[in-house]
Structures are given as structure tokens and as C-alpha cells.
Amino acid sequence: MWVNQRSRRVAAILCFLCVAVGSLMSVGLMWRGGSPRMGSSAAQRHLQLQRRRRTSSARATAGSRQVANANVTHTRAQSPPPNNGLGLCHPSTGGHHFEHAVFATTKGNFTVELRPDLAPKSVARLKALIRAGYFENDAVAFFRVNQWITQFGCDEHDARPQFRALRVFEKNDRDTNPCNRSPWSLGTMALIGGNQMVLVLKPNDSMGTNDKDAPVGYVVDGMDVLHSLHRYNDPIDNPKGGPGPEQGKLQAPGGAEYLRTHFPELDYIRSSALLASHD
């Protein structure tokens, strides 16, 4: 009797333990890493919801990228093209956006890019001189050549009276320098009064800083020709260095003969021409 009762008690305890263990296992299976695990149908619904969220997020990200790319494309399309140096005090970057003047000399040719955006009056005057034939027939010498510049344009006045009006270019008629008092760069060409002009062979801090020092253009080809021009002493820059061509004498009657007799190695401009831009 006692054995049967004891057996029933043991069986009841074992049954209770089985139920308890099964419950604990069920609870454990419902948790993974601190998160409850749903049943099969609930889990499927949860996975579908997560997939939808991921898909929506991916679409939103892709849409944002497309909008961003569209904005970049639109911005690039609306960006202005480069101005090729227009209005800037140096040669243009394109090289074909302005009219050019070509000068043939006794040492070779050089080409100047004309800049009416910087000095419209000076460019108009230089073009008038070229079209009138002012630089033809070795009449204009590079009478002053030093380490910094070459000066030219002066001629014997009485020998060519047809250019009398073109020699007059008063300071008040000249262009105001738009370059914010920046010094002339290498190859700058400028009209400095009357029919005189200079080309820069070596820049310095003082040349080109006056209010009437507007660049008429820039040498874009042939700087080696200009550097090879013959140099007599420049009495202005080197008063103790001996005689050099005197501007007053070359403009006076007999000026051309004066240069050829006393300074036979001088170089001259033989001809000039205008070349249209190639926009």
C-alpha cells in the first residue's frame, strides 16, 4: 500500500517536472537574443513587413541619388562657359577670340593679340595705322631697345606727311588703364602717346601702373624675334654708355638717313597685317 502511494507520488512529481520543462523550453524558443520569437504565421508577417520597409528605404535612397544626380547635371548644364580671358589683363586662353596683328620685321615675325575689351581707343588707333600702311617699307625702326622694353613708332615726319593726323594721340584721348594698376606682363603692347608704342621684353613693378597704361594687346607668337632685336645703348637708361638713337633727331628732317648712317644695325618693321578672329 505504501509502495503504491509512493509510486503514485513519484509519477505525479515526474509529470509535473515534464510539464514544467516543456513550458520552459517553449518560453526559451520564443526568445532569441532578448527578442521574442513569433509563431510561424506571425514570423512570416514580420519578415514581409521588414522586407517592405527595406524595399521602401532602398527606393527612397535611389530616388534621392537620382535627384542629386539630376541637380548636378542641371548645375553643370547651367554653368557659364569660360570667358577665354575676356576683360582680364593677360592673353586670352583660347587664342582665337580676338583679332590679331602680325608684324614682319628684319628679324622675323611676331603676332599681337589685340584687346579692344581693355583699350578700345588704342586698338582702333593701331588698326588705323596698319590699314593706312604706316608700318610699310622699313619706315619704322625699333630705335630704343633695352632689357625692359623696345620702343618704336616714331618716324621722319616730313618724309610721310600723309600720316600727320594719325601721329596725334593725346593723353586725354587714350584709354584709362583697366588693370587696377597691375604692372605690364611679358609681351604687353601699349600705345604711350602720339604714334609711339612699346613692347615689354622683361616685366618690372613700375611699368604699366599709370592710369593711361592700358594694354593694346599681347604678343602671342614671336617673343624670340623681339628678344633678338639689335640693341644700341639707351642714353635714357644708361647715360654713360655712349650714344644711341635720339628720338628728336629721327623725327626731324633727314631722320631716316640719320638712323641708317649712325645706327646701321637697327631693326625695322617691314610690313603689318590684321587677321580676323576665329570664333
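1. A quick definition to start: a disulfide here is a pair of cysteine sulfur atoms within 2.5 Å. Keep in mind that you're looking at a predicted model. Searching the whole structure with that cut-off turns up one disulfide.

2. So who are the partners? Cys 89 and Cys 179 are joined, with an S to S distance of 1.8 Å. The torsion about their S-S bond is about -95 degrees, so this disulfide is left-handed.

3. Have a look at where the two ends sit, since the pair links distant parts of the chain, 90 residues apart. Cys 89 lies in the loop between helix H2 (40-78) and strand S3 (100-105). Cys 179 is found in the loop between strand S7 (149-152) and strand S8 (188-193).

4. Is each end buried or exposed? Cys 89 has 27% relative accessibility, so it counts as partly exposed. Cys 179 comes out at 6% and therefore counts as buried, the limit being under 20%.

5. There's another cysteine to mention: Cys 154. Its relative accessible area is 2%, which means that Cys 154 is buried.

6. Now for the wider picture. The protein has six helices and 11 strands. Among contacts with a separation of 6 or more, 69% are between residues 24 or more positions apart.

7. Finally, the surface. Of the 279 residues, 35% count as buried.

Key. Residues are numbered from 1 along each chain as its sequence is written. This is a predicted model: local features need pLDDT of at least 70, side-chain atom pairs count only at pLDDT 80 or more; totals for chains, interfaces and linings use all residues. Side-chain values use heavy atoms; hydrogens and water are left out. Helices (H or I, at least four residues) and strands (E, at least two) are DSSP runs, numbered from the N terminus. Buried means under 20% relative accessible area, exposed over 50%, partly exposed in between (1.4 Å probe, protein chains only). Contact means heavy atoms within 4.5 Å.
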